[in-house]
Structures are given as structure tokens and as C-alpha cells.
Amino acid sequence: MAHATIYVGFTVPQLLRGASRIFLTHSTLVVLRHCAFCYCTVNGTIKSKRKMDHLEKTANNFRQEVISQAKVCEITNESETVKRLRLAIANKDFTFKAGQWVDFFIPGVSVVGGFSICSSPGLLNREGVLELAVKHTVHPPADWIHTKCTVDSEVALRVGADLHGYQEGKGNGYKMGTVKLYYSAKTTSDLLFKKNILGLMNAFPGKITCHFHVTQQSSQICKELQPHVTEGRISEKDLEKHVSKDTLWYICGPPPMIESISKLLSNIGVPRNCVFFEKWW
């Protein structure tokens with residue numbers, strides 16, 4: 001039976017990297033907001049705690065044994081605060097699946113980073129590269145990427161948890177579902193990968209749709225985006241029409257946003273075991 005899946009969060013990479021594996025057993029509704037993410041939690045509650053580093057937070061998650069050297073071959077500014085890195089992978093045995101992150105090892109930096117892969121496995125197969133989208137913070141790995149990383153910088157990568165592994169374990173294969181994405185940011189310039197998303201909508205009409213929300217837009221919205229943009233936050237009214245027993249909901253964003261959307265979903269009758277979110281803080 002097909003299901004509907006809802007993704008609530010702050011970033012788009014996960015939808016993009018899943019494009020090569022769009023044959024899901026669930027139809028998907030995604031609500032996104034601009035930020036970085038990496039670790040999936042089911043039925044979790046976020047509490048304020050001492051900040052742990054990446055390896056502490058993900059200590060219980062499966063990791064591949066392969067650690068590959070990688071060289072930065074392209075750096076793109078996706079927004080004022082987010083850089084996209086394209087990395088050439090040296091090890092031919094290095095593989096990943098949609099829904100995985102990498103441990104990011106930087107020579108001379110003792111703290112290990114953890115960043116979501118925002119490209120598809122198909123790009124790695126075709127060109128031997130993968131891409132990461134990294135938001136600037138004071139965290140040493142992210143700060144290094146934004147202030148010191150250059151083309152030809154060398155790092156090492158190791159693949160982390162597979163968010164789709166539980167589906168593959170069922171042995172049922174994948175069936176084309178539907179994806180509905182709600183993606184919120186301050187302005188349209190903060191909507192990362194919007195052109196990629198529009199491209200996916202055109203490539204999979206009726207299967208992938210996106211509703212952009214902007215909360216502090218002051219300039220004119222371009223004609224290409226206008227049909228897809230709503231001014232204001234993602235609301236209960238936006239989401240309640242998608243509630244059904246076959247819907248799965250994925251949330252991604254900072255803790256207050258995750259808590260807010262989780263409560264909203266509870267209020268409109270979404271079972272807790274149908275809600276997944278990225279616990280990355």
C-alpha cells in the first residue's frame with residue numbers, strides 16, 4: 001500500500017539526493033525550512049542539553065568501514081550563509097545511499113564534522129563526486145569550510161546512517177509515490193536549491209509538488225517562483241488537508257521549529273509513530 005510522507009524542515013538537500021531513488025513505497029509530503037540536518041529520530045523530544053560534538057551525538061549510528069580521501073573540486077555560494085562543496089572521491093569502494101551523511105575529517109582540525117549529502121548516488125556513480133551543503137556556524141568544521149577551505153583542499157569522508165535501510169530490509173522494492181514539500185525561509189534568496197526543486201516538479205508532474213513560504217520578504221518575487229510562494233509561516237491549515245492514515249511526516253529544522261511543528265501535527269491528529277525528524281543539535 002502506498003503511503004504519504006511529509007517532510008518538515010529547513011533544508012532541501014535530502015529531497016534532492018533522494019531524487020535518484022524516487023521510487024518510494026510511500027507518497028511523500030515534505031515541509032522544509034532553511035538549515036542543516038543529519039540525524040533521524042522517531043518519536044523523539046528535544047531537550048536543551050550540553051552541546052555534544054558530532055561523534056558523540058551519532059555514536060550509536062552505523063558507519064561504513066571505508067574512509068576515503070577526497071579533494072574539493074568546486075565551491076559554490078548557495079546563499080550568504082550556505083556553501084555547496086563538490087568533492088572528488090578517491091576510493092572507488094566509497095558508496096552511499098539517499099538519506100546518509102558523512103563524517104568530515106579535516107587535517108589539522110581535531111573536531112570531526114557531520115554533514116548531509118545533498119547530491120544523488122547517481123552523481124557519484126557517473127562522475128566520482130558528491131556534494132555537501134554547509135551552513136556557516138562557529139562549529140570548527142563548518143567555520144573551516146566557510147573561511148579556509150579552497151579548491152584542491154583535501155579531507156577524508158566516512159558514510160554514516162542510512163535513513164532508508166528499514167525500507168530496503170522489507171524486500172518489497174520501491175514504488176513511485178508522491179512528494180509534497182513545504183519549504184520555509186526568511187526570503188526567496190534563502191530558499192536553497194529552488195531551481196533544482198522546480199526542475200524536479202517539472203520532471204515528475206503530479207508526483208512532486210512544492211509550496212515555498214517566506215516570512216520576511218521585502219523585494220518583488222520573481223515570476224518563476226510566484227505561483228509557488230506564500231508569504232507567512234507554514235500553518236495548521238496548510239498541513240491538515242494532508243492528514244491520512246497513509247501519510248508519513250518528516251520534519252527538519254532547528255529545535256524550536258521541530259517542537260512547534262510536532263505539536264501542530266499532534267493537534268491535527270497525526271500519530272506520533274508517523275512523525276520523523278532530524279535531531280542534529
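Figure 1. Glutamate 127 counts as partly exposed, because its relative accessible area is 47%, a value between the limits of 20% and 50%. The structure shown here and in the following views is a predicted model. The side chain of glutamate 127 meets that of arginine 86 in a salt bridge, with an N to O distance of 3.2 Å. This pair links distant parts of the chain, as glutamate 127 belongs to helix 3 (residues 121-127) and arginine 86 to strand 5, 41 residues apart.

**Figure 2. Salt bridges of glutamate 131.** Side chains of opposite charge can pair when their charged atoms come close. Glutamate 131 forms a salt bridge with arginine 86, in which the closest N and O atoms are 2.9 Å apart. Since glutamate 131 is in strand 8 and arginine 86 in strand 5, the pair ties together parts that lie 45 residues apart in sequence. Both of these residues, glutamate 131 and arginine 86, are buried. Salt bridges with shared partners join Glu78, Arg84, Arg86, Glu127 and Glu131 into one network. A further salt bridge brings the side chain of glutamate 131 together with that of arginine 84, at 2.7 Å from N to O. Here glutamate 131 lies in strand 8 (residues 129-135) and arginine 84 in strand 5, so parts of the chain 47 residues apart in sequence are tied together. Arginine 84 is buried, as is glutamate 131. In total, the structure holds seven salt bridges.

**Figure 3. Strand 5 and its pairing partners.** Of the eight residues in strand 5, seven are buried, and the strand is thus mostly covered. Strand 4 (residues 67-77) runs antiparallel to strand 5 and is joined to it by seven bridges. A hairpin of four residues connects strand 4 to strand 5. Within this pairing, valine 72 stands opposite leucine 87 of strand 5. Strand 5 also pairs with strand 8, in the antiparallel sense and over seven bridges.

**Figure 4. The largest nonpolar core and the contacts of phenylalanine 94.** The largest nonpolar core contains 23 residues, of which Leu87, Phe94, Phe104, Leu130, Leu132 and Leu157 touch the most other members. Two or more residues are given to this core by each of strand 4, strand 5, strand 6, strand 8, helix 4 (140-147) and strand 9 (154-159). Apart from this core lies another, of 21 residues, with Val82, Leu181, Leu200 and Cys210 among them. When neighbours within four places in sequence are left aside, phenylalanine 94 is in contact with Val66, Ser68, Ile89, Val102, Leu124, Leu130, Leu157 and Val159.

Figure 5. Glutamine 100 is found in the loop between strand 5 (82-89) and strand 6 (101-105). Its relative accessibility is 4%, and glutamine 100 therefore counts as buried, the limit being under 20%. A polar atom of the glutamine 100 side chain lies 2.5 Å from the backbone nitrogen of lysine 97.

**Figure 6. Two loop residues with positive phi.** Aspartate 152, a residue other than glycine, has a positive phi near 85°. Its place is in the loop between helix 4 and strand 9. Phenylalanine 193, likewise a residue other than glycine, has a positive phi near 60°. The loop that holds phenylalanine 193 runs between strand 10 (179-185) and helix 6 (194-203). Phenylalanine 193 counts as buried because its relative accessibility is 3%.

**Figure 7. The whole chain as context for the close-up views.** The protein chain has eight helices and 14 strands. Of its 281 residues, 52% are buried. The accessible surface of the protein chain comes to about 13500 Å², and carbon and sulfur atoms account for 51% of that surface. Among contacts between residues at least 6 apart in sequence, 73% join residues at least 24 apart.

Definitions and conventions:
Residues are numbered from 1 along each chain as its sequence is written. This is a predicted model: local features need pLDDT of at least 70, side-chain atom pairs count only at pLDDT 80 or more; totals for chains, interfaces and linings use all residues. Side-chain values use heavy atoms; hydrogens and water are left out. Buried means under 20% relative accessible area, exposed over 50%, partly exposed in between (1.4 Å probe, protein chains only). A polar contact is a pair of N or O atoms within 3.5 Å; within protein, one must be able to donate a hydrogen and the other to accept it, and residues adjacent in sequence count only if both atoms are side-chain atoms. A salt bridge is a side-chain nitrogen of Lys or Arg within 4 Å of a carboxyl oxygen of Asp or Glu. Contact means heavy atoms within 4.5 Å. Accessible areas come from the Shrake-Rupley method with a 1.4 Å probe; for residues, only the protein chains shown count as cover. Two strands pair if DSSP finds at least two bridges between them. A nonpolar core is a set of buried Ala, Val, Leu, Ile, Met, Phe, Trp, Tyr and Cys residues joined through side-chain atoms within 4.5 Å.
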